[in-house]
Amino acid sequence: MKLSKKSHVIDAVFILCLMFLFVLSALAVITIGANIYKKNVSAMSDNYSHRIACAYVTEKVRQADNQGRVYVEDLFDQHALVLQDEIDGVLYNTYIYSYDGYLMELYARADLKDIYPQSGQKILEITSFNVDYVSDSLLSVDLILKDGEDESMFIARRSEGI
């Protein structure tokens with residue numbers, strides 16, 4: 001007795017359903033993974049902005065912390081942090097200020113009278129920047145980042161003199 005192979009429609013439908021289920025599962029795993037990745041990248045970016053804002057200003061003050069070389073000055077109708085340096089007998093200032101939604105840094109000779117805020121280098125996107133004296137040796141720095149997060153810090157100048 002000979003058995004003949006008969007193909008049933010149900011076999012083909014079962015295989016198609018199984019493949020469709022596999023494709024849906026793969027898409028679900030990819031979508032979940034992409035969402036987790038997007039959240040991690042966003043959290044890392046926010047954390048980076050918060051850490052870099054504080055670390056940048058603090059490190060700049062530490063580098064320039066010589067007698068009388070770190071001070072606050074009115075510049076571009078706002079308080080700016082000024083870090084002074086002397087190279088071959090010529091004084092240079094590094095100005096840290098906010099302009100057009102960015103924390104800016106401008107390096108220029110101290111004797112220049114006409115400096116422009118747009119000439120500085122963009123450091124970080126922010127909403128506002130304020131620096132002021134708390135005491136002779138303590139600076140208060142307030143930064144509001146682009147996400148609205150307020151970063152406040154106190155920086156002690158280790159050298160003597162204003």
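Which residue in S2 does Tyr71 stand opposite? Tyr71 faces Val82. Hi everyone, let me show you around.

First, the ground rules. This is a predicted model, where local features need pLDDT of at least 70, side-chain atom pairs count only at pLDDT 80 or more, and totals for chains, interfaces and linings use all residues. Residues are numbered from 1 along each chain as its sequence is written, and side-chain values use heavy atoms, with hydrogens and water left out.

Now the strands. Strand S1 (residues 70-75) and strand S2 (residues 78-87) run antiparallel, joined by six bridges. Helices (H or I, at least four residues) and strands (E, at least two) are DSSP runs, numbered from the N terminus, and two strands pair if DSSP finds at least two bridges between them. The S1 and S2 hairpin has two residues between its strands, and Phe76 takes a positive phi near 55° there.

S2 also runs antiparallel to strand S3 (residues 90-99), with seven bridges between them. Here Glu86 has Leu91 in S3 as its bridge partner. This hairpin also has two residues between the strands, and Asp88 takes a positive phi near 50°.

Let's move to helix H1 (residues 9-63), where you will find Leu24. Ile32 is in helix H1 too. Ile32 counts as exposed because its relative accessibility is 52%, while Leu24 is partly exposed because its relative accessible area is 41%. The cut-offs are under 20% for buried, over 50% for exposed, and in between for partly exposed (1.4 Å probe, protein chains only).
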